[in-house]
Amino acid sequence: MLSTLHPPRSLTLLPLRRFHGPKTIVSAASTSPATTTFDAASVSPPQSQILNTRRSLLSGETTASELAKSHLSRIRLTEPQLKCFLHVSENVLKGAQEIDQRIARGEELGPLAGVLIGVKDNICTEGMPSTAASRILEHYRPPFDATAVKKIKELGGIVVGKTNMDEFGMGSTTEASAFQVTANPWDLTRVPGGSSGGSAAAVAARQCMVSLGSDTGGSVRQPASFCGVVGLKPTYGRVSRFGLMAYASSLDVIGCFGSTVADAGMLLHAISGYDKFDSTSSKQDVPEFESQFLSVDSLESKPLKGVKVGVIRETIEEGVDSGVRSATQEAASHLEALGCVVTEVSLPSFSLGLPAYYVIASSESSSNLSRYDGVRYGNQVMADELNKLYECSRGEGFGKEVKMRILMGTYALSAGYYDAYYKRAQQVRTLIRKDFKAALDQNDILISPAAPSAAYKIGEKKDDPLAMYAGDIMTVNVNLAGLPAIVLPCGLVEGGPSGLPVGLQMIGAAFDEEKLLKVGHIFEQTLKGLSFVPPLLANVA
């Protein structure tokens, strides 16, 4: 707990030296110290589904209705095994037909026309269930769209349905959903990560083209790593939180999943911008991210020459699986080959982020979830007196994990403990921000693994919350600092039918998503010998 922590020393930047990872880029690392090299035959770079959809619709190669039917068919075939969706919209085909009619009339199309999008179930969608995977909101259908969803619809996007999640975003495996457990498309016995596991697994299984998630402490980036897709967490304030059910208001952001960096970046561009309904949204200009997604054929031999990359030393030390460490080192070597100057940096306050995060997040959640009392919000259980009504409505409506975090947060905010826990956690947060600023003043981006391990077995950590919380150590500091980060697959380790994906996390300065997308896109397009398509799709049309 925070009360046992000693004040961290001042930031130490290690001597600027080249990062000496492996000199040859291998396709994967095993979970043993020895590295397993897969066939390094060239694999075509991944292509943007958003751009391909637009080209296909405008050329007449396909129709929006055909694309919708194809994805709905894939959902029917894979959903019994995966359980990614809590609700599939009955209006998908209707929306696709409307786009086809607009094309026939020669009308201009929005940039997301015909793009099929999954939405995490804690993001409000008009007329669709929006339950945050909780019994207490089981029958809730909001009369409005979240700002992010509204923008997607205005640009022609089609909401496929609502994806499964850990209840109110509290969890790292999607096992804390009140309704079902989502499986990982790479290995059905493993978790997809959380809390946005349904959104990540749906993109990995190609049930939708892109999806929205929310990220409070890594809930977009960790499942992206586990499922072998791209997960993008924007700077705090870049995207409006209006319509996102609050967990920890100072940490929550809406993020994006895609099978490519370009898809995640274009979805982020669509939902970004100031919103008068969210006082924390920023008026910062939103760059045209699409200009960063150059064709691999147009790249120079050293397309990232001079870009300074700092490997966070604390993220590749003891406690990280050897396969994950090797994949990260290989990714650093690949960035060097692209022209980057790669060095190690140390963030002395790094280890303090995890306990500080759980104090702050639990404290804020205890306040935010107080509204679900059966009177103002949430299903009501009838009782003879008011306190009993509150007790029964919450007791039956909330799951175990949510109750535990509310109790933790209420304790941290209580008289006599506020200074020892919540106030001190906020002081640690300030140190973390200073450490990141110092490191990013000397580097363009920082890199680390997205998680200490690849996806673990369903049930493996469910009864050990401390072990589950420790899995967030790579990601929570970014939320505490309010910075943008992107996770993209960089390798495979042993496990499952054909290996398990490992994600590389790239962290940038505030509102510098453009640079992250540029570096991530070039990294992704030049990574040879790997294809991050889960084996589940081999037998699915």
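Begin with the lining of the largest cavity, whose residues divide into four nonpolar, eight polar and two charged (Asp, Glu, Lys and Arg count as charged, Ala, Val, Leu, Ile, Met, Phe, Trp, Tyr, Cys and Pro as nonpolar, and the others, including Gly, as polar). The model on screen is predicted, with local features needing pLDDT of at least 70 and side-chain atom pairs pLDDT 80 or more, while totals for chains, interfaces and linings use all residues. Residues are numbered from 1 along each chain as its sequence is written, and side-chain values use heavy atoms, leaving out hydrogens and water.

**The cavities**

A cavity is a set of points on a 1 Å grid over the protein atoms alone where a 1.4 Å probe fits but cannot get out, and lining residues have an atom within 4 Å of a point. A volume is the space filled by probe spheres set on the points, which are joined across faces, edges and corners.

**The largest pocket**

Now turn to the largest pocket, of about 480 Å³, a pocket being an open set of points with protein on both sides within 12 Å along at least five of seven lines. Asn91, Gly95, Glu98, Lys153 and Gly157 are the closest to its centre among the 22 residues that line it. If you colour helix H3 (92–104), you will see the largest share of this lining, six residues, and strand S3, like H3, supplies at least two. Helices (H or I, at least four residues) and strands (E, at least two) are DSSP runs, numbered from the N terminus.

**The salt bridges**

The structure holds 15 salt bridges, each a side-chain nitrogen of Lys or Arg within 4 Å of a carboxyl oxygen of Asp or Glu. Select Lys162 and Asp121, whose closest N and O atoms are 3.4 Å apart in one of these bridges. The pair links distant parts of the chain, 41 residues apart: Lys162 belongs to strand S3 (158–163), and Asp121 to the loop between strand S2 (116–120) and helix H4 (147–154). Both Lys162 and Asp121 are buried (under 20% relative accessible area, with exposed over 50% and partly exposed in between, for a 1.4 Å probe and protein chains only).

Then select Arg221 and Asp215, which form a salt bridge with closest N and O atoms 2.9 Å apart; Arg221 is buried at 0% relative accessibility, and Asp215 is buried at 0% too. By contrast, the bridge between Arg135 and Glu138, at 3.1 Å from N to O, joins a partly exposed Arg135 at 36% to a partly exposed Glu138 at 31%.

**The cysteines**

Cys84 is buried at 0% relative accessible area, and Cys340 is buried at 3%.
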